[in-house]
Structures are given as C-alpha cells and as structure tokens.
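What follows is a tutorial dialogue on reading a structural model, with a general idea given before each case. Please look at the sequence and the model before reading on.

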Protein chains: 2
Amino acid sequence: MNLDYFFKPKAIAVIGASNDPMKLGYEVFKNLKKYKDGRVYPVNVKDETVQGVKAYKNVRDIPDEVDLAIIVVPKRFVKQAIIDCGEKGVKGAVIITAGFGETGEEGKKEERELVEIAHSYGMRLIGPNCVGVMNTHNDMNATFIMDAKKGSIAFVSQSGALGAGIVYKTVKEGIGFSKFISVGNMADLDFAELMEYLADTEEDKAIALYIEGVRDGRKFIEIAKRVTKRKPVIALKAGKSESGARAASSHTGSLAGSWKIYEAAFKQSGVLVAETIDDMLSMARAFTQPLPKGKRVAIMTNAGGPGVLTADEIDKRGLKLANLEEKTMEELRSFLPPMAAVKNPVDMIASARGEDYYRTAKALLEDPNVDMLIAICVVPTFAGMTPTEHAEGIIRAVKEVNNGKPVLGLFMAGYVSEKAKELLEANGIPSYERPEDVAAGAYALVQQARNTGVLEDE
Amino acid sequence: MNLDYFFKPKAIAVIGASNDPMKLGYEVFKNLKKYKDGRVYPVNVKDETVQGVKAYKNVRDIPDEVDLAIIVVPKRFVKQAIIDCGEKGVKGAVIITAGFGETGEEGKKEERELVEIAHSYGMRLIGPNCVGVMNTHNDMNATFIMDAKKGSIAFVSQSGALGAGIVYKTVKEGIGFSKFISVGNMADLDFAELMEYLADTEEDKAIALYIEGVRDGRKFIEIAKRVTKRKPVIALKAGKSESGARAASSHTGSLAGSWKIYEAAFKQSGVLVAETIDDMLSMARAFTQPLPKGKRVAIMTNAGGPGVLTADEIDKRGLKLANLEEKTMEELRSFLPPMAAVKNPVDMIASARGEDYYRTAKALLEDPNVDMLIAICVVPTFAGMTPTEHAEGIIRAVKEVNNGKPVLGLFMAGYVSEKAKELLEANGIPSYERPEDVAAGAYALVQQARNTGVLEDE
C-alpha cells in the first residue's frame, strides 16, 4: 500500500485556505507555505489571493496536477469539494471539517457517501473531523497546529485534540515525530491501512497508535501481524475501564469494546501495549537503536539513587540486571575511584568525568553477559562540569565498540542536561528523563526482539 | 520538635565559603547571599573576604550569634569545625562534606563521633554527605545547586544527586517546593524527626520522602502515625526489587530491607506510597486543595480523548466517576452545544470558552453527587483562544461556589498552557499535564481523607 501522495505530494491544494486568522483554513495554509518538496495552492471562492499567494476559485482551476487536497470548508461544501477533487484527479484528501459520523446516524450516512464518491474516482480519504497530517521530514504541516519536532516516530491519533496536545507537549520535551496523522472518524483510511503503509518507510522507526476504538478488528489483527514483523507498533488504548469505555463511545461514536478483547488482539499480533502517553512515547523512541539479543541490562550511573530506581523499573518490566564478568569489574576497578561500585548497577560516583563514561560504557558493552546498556547521568555536582562531556563519552564508546548492542540514556537534570540529551539524540541514542521511561524503552526493544525472533536468550 | 534554626536562622556561617568557583563552598555562599531573613557570614582560613564579604578565620570569631552552620570544608577539618560550632553556641549544622559513613566501618565510627560531639553541645546535625537544605519561603538556599521553585511540598531526599536532579527537573516543569532537605547519611537527624518538625509548619502542605533505607523502623512508624494525622506524608521507596535493594545497600550503606516490610509499615502509619518520582510529586502537589468527603469524581473536558484516559486512570486508582444528578445534566444541556456530552465525563467539545468552563465547573461543584472535580483543557483549536480564559473560568467557579470540594486541573498543551497553569497554581489549584498524574493527585486526597477520618462515603 503506497500512500506517498498523502505524505510526499508533488502538489497540494488547500480547499478553504483563508485570509482570516480566526479560521482554521488560515492556519493550515500558513503552515503549508513552508512545504519544500512540492507546490501548494490556495483554493478560496471569494479572494483573489490568500496570504499573498494567487488563489483559485475551484481545485479544478489549478493549472497543475494535484495529488493531495486538504479540505477545511464548512460542512455543507465538503461533498462538492470531494467531487471537484475527484474530477481533478486528486489522489488523496484530508477532510479536517467536522460534523459527520461523530454527530450520529445522519452524519455517518453522509460520511459513507463521501467515501463512495472518493472511491469512484480512485481517491482515498483521511478524516473527516481531524486535525490533519504532518511529515516532519519534508516540512509538510497540513494541520492547523504547530510543527512537531522532527524525529523517528509515526504517531497516528484517533483523537485530534489529544494528538495536538501530545505534539505540543513533545515540542516542549524535545521528543520528535516523523509523522503525525490525525485520523478523525476514519471514514476511509484506518489504522490498519496506515500501518501497512508505514511499515515500509525509511524515516519512521516505530508506529505509535492512540486508539479509542477499532471498527474492523479482524483486518487490524491480520495487517498488524505482518507489520510488527518488520516494524514495532505501540498502541495506547483509551477506554480500558468501564467508565472510560463509556466515555470513549460517546466521543467518537465507535464502540470501545472490552479491553480484554483488545489486549488479546494486540498480543496475538505483536502490538506492544502502552499504559500511558509517556509510556507510548518512551517505547516508540527506543527504536533508533538496534534490537538486543537478550534481556540482560547493564546500568551505569554517576549517582546511586537513580541507579536503584532504574534497577527497580527494569525488574518490574521483567528484564534482568546483567551479572558482569570478573574481568569487566577488574577493568572498572582499575580506573574508577575506590568509592565506586563496580557491580551492576555500576556507580561511578559524582566525580565521574566524560573519560569515565567512555571507559565504563566501553567495558560494559564489551562484556558478553551484557545485552543492553542504560547510561545514567544526574547533575554533575562538581563545578565546571556539564553533562555534555558525559554524553560525548557514551557516544565515543558506542562508536568504538560498535557491536550492535542497544544503548539508552537517562539524563535527569531538566534544563541542565538539555544539550547533552540533544547530542545523544543526534547520535541516535534516545535519552530519557525518568527511570520508568528508560525502562519502558528497554522493555519495548526486548519485546520487539522477541516478536521478530532476534531474542536468543530466554 | 522545633528545627526552625535550620530553616529560619537569624545568622548562618558558611564554614569553607570560597572564592574559587571550582569549589562547592563557592556555590553555597553565592546561593546564601540571597538569604533575606538573616545574616550570612563566610568562614575561610586564608582569605580576608569571600565574594566581597568580610570573612572570618573561625566561626568563633564571628561577632554575632550564629544559629546555623553549613560545613563544606575537606573531611579532615570537619571534626574541628563541629567543635568550634559547639563552642560558638551554634544550634544546627549541615555537613555537606562526604567521606564518612558511606565509605565503610571506619567512616561510620567517625560519623558517630561527630554526632556525639554535636550532642554534647546540644547541637543537631543534618548530613554528612549531602547537598544541603533549602527553604524557598525565605530565599534560603544552603546548597550548591540551583534554587527550587517556590511551592508547598517539603521534599526530603536520601539521595543528594537524585534530589538535585529532581529540583532541576521541577524547575523546568514549574513544580514548586517549600523546602528541599538533602539528608545524606542521616548520622543524626533522620526522616522521623524531620517529619515531626514539618508536621506543624504553615508553608509545608505535604511531606515527600525519597527513601533508600530507614535505620530505626519502629521510631519511623511511631512518629509517622502521629504526623499523617495532621499532614500527608508521601514516600517513594527505592530498592523495591531485589536487584534494586542490593544496589541501594551498596549506595548509602543502609540496608534497604524487604519491600514487604516497608509496605506494611507505610500502610500501618498512613504514609502514602508513590511508585515513581512523578507519582510522588503529583500526590504531594494536590494538598493545596481541601480533602474530599468522598471518592466520586466529576471530569470536565474540551476534548474526548483526555477525558477517556483520565476516566481510565481514575478507575485504576479505585476512585469512581460521579453519577450526575438529572438537574445538573439539564443545566449543562441548557448552554452547551448539542454535540457536547453532558454525562460524566462532561465533554464541552472544542468550542468551549472560558464562560463554558465557568458554568460547567459551577454546575458540577454544586451537584451533591460530586466530591471532587477534575477540569481538563487541551489546546483550544479555535484561533484566538488561549487556555488562560479556561483557567479563569475554573477559578471564578471555585471562588463562587466555595463549598470545600477539591478541584484539580489537567492542562495538556506544553508551552501553550503554561500561563494557564501558572494562573491555576497561583490560585492554589494544582495543574497537571498527564492523566495519570492528576489521578495520582485525586487518589492522594482521598487516601489522606481516609487517614484523617474526613471521608464519609466508603
């Protein structure tokens, strides 16, 4: 399934592009003006230009082939817009406009009609009732919200507002997405088909789904089974509790269904289950790293407390602390101060500099009993130190050893560790801020290694 | 137990205050220069002045009464410093210097000697091997780390580095502390005595403890039992797992002990158990609100997804979604749009403005079936709206109804909702960013209501 025309279109028409800053069509067109990989045309029935760009009365008037249309006109004009798009030969349309299936039976009928019209032209739909779609790898922001940070997670959300909230939150936290896809009512394209497309893309390292309800469970399972063999899929299911499920059904009009059924379906198809938004993001972020061959984790830290908390979380997730070889501990003893703990978790104590991080990471990665490394750094308490040198030490060790073992960072110092985190991320090493989050990442890598038969040691 | 001399001293001596930015004594004195409620004197054996302030060779030379000494000299000088403080009539000393009990038996012996000397003068000690103490309510930062944000949580940490990491993290996240107390090896003052002191202070609304190991369990339980009747105590215990416990014991030299024993002790004494750092902070932050009479929660939101996730988390915590009275739902129907859901969770949908938040919050707080309100706001998706008006609506309703029911906010939009969150916090309404965190807050309020006999509805 190739949906490139939704995410790498040569030309986009914004039907309902506006000069009025109070309208969504204003934001969408403004955001899309940054798009670099193709042309963007405003369609507006009244104005000659939109935000300084020549506008067209109808998508059919555009003197160019158009792959993608973003529809933000009032509801009563949507049907005609779809017909116009079909006549124009548009391949995909994102319907941001709301007021369809989520309002009841009448709306559901109208929605089905839109799909029928689209299909009769060979056109596919995302939405209606959504925030739009983004591809951070080519600066395509076809939504009315702020740009997500560029990253490696394809995030598909059934709740537009929650999706938007998550984009805003991740911008603040420095977490990146490759794509953000607000699917709205999923009148046409659904989780299954989007997953299938995302399974083969280069820039999406993991697929994260926020799910309220899946309509065709069989199709979801069948496709997920194939996809998870190639790429990790992480699902956050809302409406697990009875009250939550009731709330979900009133929200999207889809039946939330029993959590037990979903849980079994996810398990059967290799979909990783997230408990919270941060759990979902933490798992998905891990996949810029290779999959581990086993579940024995080495922890290195410059402070005892975080090492202890991380050991607890690792244990909670069913992973194991690696038993280091005597040789490794001897090596560590040779350069760490006497106060340091050379047993796993290795506590290099607060005096540890970048060089200690480098040598410790190297020794741990070379230990055959270690499948995976978690490198922790809290505020260096010695004047003149910044966590950047610690990040550099880790990166140097990883590059030098280069034996395919995953490495995750845990840098716990708010603003103080931001630069170090960015440095790690730029080198493909996910850097977390909370023990439970780094443990979620480690767990996800192990689960996906299990899914794909990479895990040797059980 | 009055320990005001540690947190509201009239005069402080910094023994080891330094002009060398590479030394901890430099940072400590620099931080303390901002102290407004008393005088601060540098003690330095060599320099005439420290950071432009006249210095004294010995604490005994200071021509003023000194209540508190902060000791940051090299280890070999600590014992004499304690003797000098005793002779001077100092009431409390914080020993930042490390190298004592955490290094083994010899260090433990030296530590005990320090305590004996201090007690012989009627002086009490915090530390050694700690980061220091802070009181944000009088700008006293007697540590070598950055100022915490002012707030209502007294945070006592057995890990200095983790404590520092948490201070840095909370500054970024806008979470405030009333006090930060790094207790280090707890050679003298321990969790129990500090809790006892904190139970009676006005500015500390909750006591949060990061615990690796408690030496005198019986004393802890006995005092905690009394304290939790007056003020909530929330404990995050590291070393719950076997591997974590092993790591903890090598870190502080204290026996982490079996988690089952701690769990029973916490339960018996009314101490609330936190699972993670954020869990601890989320619980502790709730106590600027009154305790609820029951566990029936009303949720209001401008987006379905977050309402569903919060309903799930509320359920997970054993709380209940309130069944709204018919009258309340009628009232909501009278002004909310037809698409809104007037059943709990009340989904006011994305068009909700400040006035809708006000009227909805008012109606929910006035419903006799509601014990507690969670008000959710995600990015308003309509141009020209900012979450500030939503926060204002909530605040207005709370002030007007004023019937003692707790209200918690969940504002999920990163930078976009920062101002709204600040506004809520300034009005004593804790504002969270994650569904699980607001649920932790709600849970903590109910548990403390149970502890203190306020909970009527079980």
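**Reading the pair of chains**

A: Chain B is superposed on chain A by a rotation of 180° with 0.0 Å of shift along the axis, at an RMSD of 0.0 Å, where the copies are fitted by least squares on the C-alpha atoms of residues with pLDDT of at least 70 in both. That is the relation of a two-fold axis.

Q: On what conventions do such values rest?
A: This is a predicted model, in which local features need pLDDT of at least 70 and side-chain atom pairs count only at pLDDT 80 or more, while totals for chains, interfaces and linings use all residues. Residues are numbered from 1 along each chain as its sequence is written, chains are lettered from A and ligands numbered from 1 in the order in which they are written, and side-chain values use heavy atoms, with hydrogens and water left out.

Q: How many residues of chain B are in contact with chain A, and what area is buried between them?
A: The size of an interface is often given as the accessible area lost when the parts come together. Here 66 residues of chain B are in contact with 66 residues of chain A, contact meaning heavy atoms within 4.5 Å. The buried area (accessible area, 1.4 Å probe, that two parts lose on being put together, summed over both) is about 4,900 Å², and carbon and sulfur atoms give 67% of that area. Because 100% of the interface residues of chain B are also interface residues in chain A, the copies meet through the same surface.

Q: How many salt bridges does the rule find across the interface of chain B and chain A, and how many residue pairs in polar contact?
A: Side chains of opposite charge can pair when their charged atoms come close. With a salt bridge taken as a side-chain nitrogen of Lys or Arg within 4 Å of a carboxyl oxygen of Asp or Glu, the rule finds 8 across the interface of chain B and chain A. One of the salt bridges joins the side chains of Lys172(A) and Glu433(B), at 3.7 Å from N to O.

Q: Which element gives the most to the side of chain B that touches chain A?
A: The elements that give two or more residues to that side include α5 (160–173), α11 (304–316) and α16 (435–451) of chain B, where helices (H or I, at least four residues) and strands (E, at least two) are DSSP runs numbered from the N terminus. Of the elements, α11(B) gives the most, with 10 residues.
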